[in-house]
Structures are given as C-alpha cells and as structure tokens.
Amino acid sequence: MMIFVCGGVRSGKTSYAESCMLQSNLPHLHYVATGVVTDSEMQDRVTRHKKDRKQSGRSWQTWEQSTAIDQLSFTAEDAILIDCLTTWVTNEMMAQEGVHPDGMVTFLMNQLARLITGAGEVYIVSNDLGRDLPSPYKMVRDYLYILNSIHRYVVGKSDKAIEVVFGWPFFHKGVEA
C-alpha cells in the first residue's frame with residue numbers, strides 16, 4: 001500500500017501522515033528524513049517531529065537521508081514515511097547540478113522505485129507548489145517541472161492521494177478508511 005500526502009507549507013501533512021502510519025499493523029515504523037538542518041527554525045521543526053514520534057506510543061527508526069534514498073532497504077514488515085519529496089528533490093538537484101530536467105526525473109523515479117519496492121507500506125509527504133504563477137527563473141521552472149513529474153509518478157503508483165488543507169485531509173484518489 002502506498003499513500004501520498006501533500007499540502008502547503010505547515011498545513012499539517014506530516015502530522016496527518018504520521019497518524020495514518022500509527023494505524024499500521026506492521027511491526028516496524030521508519031521515518032526517512034530528507035531535510036538538512038540549516039537554521040534554528042528547521043532545528044525546532046525537527047525537534048518537534050521527533051518529540052511527536054517519541055510520544056506516539058510506537059517505536060520509530062529515523063533515517064536522515066537527504067540524498068540517495070535508494071541506499072536504504074526495507075522489507076514487507078516495514079512501514080516507511082518519506083518526509084519530504086520537496087526537500088529531497090531540491091537536495092538531489094543541488095547534488096546533481098547540470099543534469100537535464102528529464103534526466104533528473106528519470107534518476108529520481110528510479111531511486112523511488114528501488115526504495116519502495118520491498119516495503120510493506122509507504123507514506124510519502126510533499127509540498128504542493130504547483131499552483132503558483134510561472135516563474136521567470138529557469139531553475140525554479142525546472143524544479144517545479146521535476147517535482148510535479150515526481151508527484152504524478154507517485155500518485156500514479158499510490159492507493160490514496162490526500163491533500164491536507166488547514167489540517168483537514170481531502171481525498172483525491174482512494175477513499176478515507
């Protein structure tokens with residue numbers, strides 16, 4: 001099973017995805033953190049998310065993996081949460097500077113496919129950035145092209161696609177259980 005959860009910045013999407021994962025019957029919960037702490041605000045967010053998971057009543061294994069997420073390996077007994085695609089795409093674009101956008105999309109799709117293949121359940125969180133006006137900057141246009149291509153790929157493979165708005169889930173694919 002795969003669930004895609006998107007929404008605006010600070011919409012409650014990570015908390016929602018974590019609450020869905022807590023309902024899993026699988027014995028192992030894994031959190032794949034793609035963010036890199038660069039300032040005190042980000043550190044506060046990381047600390048809050050760790051505290052939330054610790055207080056959840058379940059044991060979580062956290063993997064800090066800003067790039068090369070396909071180096072991780074999971075089994076059918078594992079539920080994984082990837083938080084978040086937006087940051088991971090940015091990190092990979094910076095690490096793979098100069099790669100054509102179509103090549104980057106293929107590269108990222110291949111990484112995701114390898115990562116999710118063995119997992120029992122997959123929850124993927126991402127920001128919805130596709131509703132803004134077109135940017136005059138090529139790098140931003142390339143980024144949005146890559147991110148939205150990855151979103152379409154993930155939603156195509158997902159059983160559910162959920163948008164969180166003001167903390168409320170709206171189902172675009174699949175139905176609420």
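1. Basis. The model is predicted; local features need pLDDT of at least 70, side-chain atom pairs count only at pLDDT 80 or more, and totals for chains, interfaces and linings use all residues. Residues are numbered from 1 along each chain as its sequence is written, and side-chain values use heavy atoms, with hydrogens and water left out.

2. Sheet order. An open sheet is formed by 7 strands in the order β3-β2-β4-β5-β1-β6-β7, with mixed pairing. Strands here are DSSP runs of E of at least two residues, and helices are runs of H or I of at least four, numbered from the N terminus; two strands pair if DSSP finds at least two bridges between them. The edges are held by β3 (60-64) and β7 (168-173), each with a single partner strand, so one side of each has no neighbour in the sheet. From one strand to the next the twist averages 20°.

3. β6 and β7 form a hairpin with 2 residues between them, and F166 in the turn has a positive phi of about 55°.

4. Helix α3 and the sheet. Helix α3 lies across β1 (2-7), β4 (78-83) and β5 (121-127), and runs at about 75° to β5. Axes are lines fitted to C-alpha atoms, for helices over the stretch in contact, and angles run from 0 to 180 degrees between N-to-C directions.

5. α3 against α5. The axes of α3 (residues 85-95) and α5 (residues 138-157) come within 10 Å and cross at roughly 130°. That makes α3 oblique to α5 (angles under 35 degrees count as roughly parallel, over 145 as roughly antiparallel, 65 to 115 as roughly perpendicular and the rest as oblique). The contact (heavy atoms within 4.5 Å) involves L85, T86, V89, T90, M93 and M94 of α3, and M139, Y143, I146, L147, I150, H151 and V154 of α5. By class, these residues are 10 nonpolar, 3 polar and no charged (Ala, Val, Leu, Ile, Met, Phe, Trp, Tyr, Cys and Pro count as nonpolar, Asp, Glu, Lys and Arg as charged, and the others, Gly among them, as polar).

6. α3 against α4. Helix α4 (residues 101-116) packs with α3 at an angle of about 125°, their axes 11 Å apart, which makes α3 oblique to α4. L85, W88, V89, E92 and M93 of α3 meet M104, F107, L108, Q111 and L112 of α4. This contact of α3 with α4 has 8 nonpolar, 1 polar and 1 charged residues.

7. α4 against α5. The axes of α4 and α5 come within 10 Å and cross at roughly 35°. Among the residues in contact are P101, D102 and M104 of α4 and D142, Y145 and I146 of α5. The contact of α4 with α5 divides into 12 nonpolar, 1 polar and 2 charged residues.

8. Salt bridges. The whole structure contains 5 salt bridges (a side-chain nitrogen of Lys or Arg within 4 Å of a carboxyl oxygen of Asp or Glu). One is formed by the side chains of E18 and R53, at 3.5 Å, N to O. E18 lies in helix α1 (residues 13-21) and R53 in helix α2 (residues 40-54), so the pair ties together parts 35 residues apart in sequence.
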